[in-house]
Amino acid sequence: NIGLELTNKRNTLLSTIILSGADQIVDPPSKIDFIPPQGRRETSMHVNFNGGWGKKIPISVETEKGRFSGSIEAPVGELLIPPMEPVTADHFDDIRKSTLSGMHGSTRNLPASLKGDLSSDMLHATLKKRILERANLGTIPDTEMWPLRLMGCLLSDTSTRVLVTVNTDSVSVNSDDVILSNTFIDDLLRDS
């Protein structure tokens, strides 16, 4: 489900509000009869992105004042699934080494705002929680705390793998898709 918040920035009442979109909207938003001046209304809808990341779904809002259009796009992490089979740390590292033979990688330093003054244990727990909240990935069991390893694949194409490696000072994302690795690492580190 995607939550929508509609805001009326006008000083007059908006009524007869109709939300519509493409065929991918499985459950349309509930009806909104009116939005008072300077007021807000919330609704939600279920959208099937068909597992495709980077696809924008057009939506429109129509009122007696006119028609307004926009689009929605799912974050990459929402379109991933954990590996179907358990993956060991050694297998993960073997896959990651395949970067040299076609997998694409992107590495960023951890922002100071994320690291703060956290101990190594707290930083590990904080980063793991943050990543798992933003992406449907599986964690790779390991005897050591660092690096933190997570893995998944695209829902629409399970041959497109995504590997996340987190160290105390950096995050790396490797993927079979060059654009996905760059987009996903930015999603992981974005403040929100």
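Reader: Let's begin with charge: how far apart are the mean positions of the positive and negative charges of the protein chain?

Author: This is a predicted model, so keep that in mind throughout. The chain carries 20 positive and 25 negative charges, and their mean positions are 7 Å apart.

Reader: What secondary structure does the protein chain have?

Author: There are 4 helices and 13 strands. The chain is more spread out than a compact globule, because its radius of gyration is 21 Å, well over the 16 Å that the globule rule gives for 192 residues. The box filled by the C-alpha atoms is roughly 60 × 40 × 25 Å along the principal axes.

Reader: And how much of the chain is buried?

Author: Buried residues are 39% of the 192. The accessible surface is about 10,900 Å², and carbon and sulfur atoms account for 50% of that. As for contacts with a separation of 6 or more, 60% of them join residues 24 or more positions apart.

Reader: Now a helix. Which residues of α1 are buried?

Author: The general idea comes before the case. An α-helix has 3.6 residues a turn, so residues three or four places apart point the same way. In α1, which runs over residues 89-97, the buried ones are Ala 89, Phe 92 and Ile 95. They cover an arc of only 120° around the axis, so they sit on the same side of α1. Asp 90 and Lys 97 are exposed on the other side.

Reader: What covers the buried residues of α1?

Author: The cover includes two strands, β11 (148-154) and β12 (161-166).

Reader: Where does Gln 38 lie?

Author: In the loop between β4 (32-35) and β5. Check its backbone too: Gln 38 has a positive phi of about 60°, although it is not a glycine.

Reader: Pro 28 is another loop residue. Is Pro 28 exposed or buried?

Author: Pro 28 is at 58% relative accessibility, so it counts as exposed. Its loop is the one between β3 (25-27) and β4. Beyond neighbours within four places in sequence, Pro 28 is in contact with Ser 44 and Met 45.

Reader: How far apart are Pro 28 and Val 171 in space?

Author: Their C-alpha atoms are 38 Å apart, and in sequence the two are separated by 143 residues.

Reader: Last one: is Leu 189 buried or exposed?

Author: Leu 189 is at 15% relative accessibility, so it counts as buried. This leucine lies in helix α4, residues 178-189. Neighbours within four places in sequence aside, its contacts include Arg 108, Asn 109, Leu 110, Pro 111 and Leu 114. Arg 130, Arg 134 and Val 171 are also among them.

Reader: How far is the C-alpha atom of Leu 189 from that of Arg 134?

Author: The separation is 9.9 Å, for two residues 55 apart along the chain. Leu 189 and Arg 134 are also in contact, as listed above.

Conventions. Residues numbered from 1 in each chain as written. Predicted model: local features only at pLDDT ≥ 70, side-chain atom pairs only at ≥ 80, totals over all residues. Heavy atoms only, no water. Rg over C-alpha atoms; globule rule 2.2 N^0.38 Å. Buried < 20%, exposed > 50% of the residue type's maximum accessible area, 1.4 Å probe, protein only. Contact = heavy atoms within 4.5 Å. Areas by Shrake-Rupley, 256 points an atom, 1.4 Å probe, with all protein chains shown as cover. Lys, Arg positive; Asp, Glu negative; His and termini not counted. Charge placed at Lys NZ, Arg CZ, Asp CG, Glu CD. Arc of directions from axis to C-beta.
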